[in-house]
Amino acid sequence: MGGSLTISGGGRLTLIDCVIRDNTTFNVGAALYVDHGQLLMVGTTVTGNSAGNVGGGVYVGPIASGEIVNSTISGNHAGNTGGGLANEGRTTLNNVTVVGNSCGNVGAGIDNDFDGSPSLEIANSILADNF
């Protein structure tokens, strides 16, 4: 899990003005796998990543949180759900562009799904051309 970066054990990761691209995982979270911790992503691009199952770009687990600001999630793929972002925890998107992501099932751009109660807030953002 986590082709590029994994956050677990209650850790916190801050990414500012980064590019995370062309990572692959056979399971979940090709670019970022946030299992149990916090992600703050500002001015960052997540592109060209591929997960065999869930979260081609970013995966936020049920006991994790993510705040994504002024960023782009594009051109990512998941074999099952959440081509761009798979949210099972608490995630906020503000001024985020989610475009051109794909998946084999549902939620090509964003999949907000879990047996619990995931929370997703989106403001001032663009979701387009996800398939």
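T91 first: leaving out residues up to four places away in sequence, I find that T91 touches V60, G66, L85, S119, L120 and E121, with contact meaning heavy atoms within 4.5 Å. This is a predicted model, where local features need pLDDT of at least 70, side-chain atom pairs count only at pLDDT 80 or more, and totals for chains, interfaces and linings use all residues. Residues are numbered from 1 along each chain as its sequence is written, and side-chain values use heavy atoms, with hydrogens and water left out.

Is T91 buried or exposed? I get 2% relative accessibility, so T91 counts as buried (buried is under 20% relative accessible area, exposed over 50%, partly exposed in between, with a 1.4 Å probe and protein chains only). Its side chain makes a polar contact with the side chain of N87 at 2.6 Å (a pair of N or O atoms within 3.5 Å; within protein, one must be able to donate a hydrogen and the other to accept it, and residues adjacent in sequence count only if both atoms are side-chain atoms).

T91 lies in strand β14, residues 90-94 (strands are DSSP runs of E, at least two residues, numbered from the N terminus). I looked up the neighbour: β10 and β14 pair in the parallel sense over five bridges (pairing takes at least two DSSP bridges). E67 stands opposite T92 in β14. β6 (residues 37-42) also pairs with β10 in the parallel sense, over five bridges, and M41 has I68 as its bridge partner in β10. Four of the five residues of β10 (65-69) are buried.

Last, the angles. D22, in the loop between β3 and β4, has a positive phi near 60°. D129, in the segment after β19, has a positive phi of about 55°.
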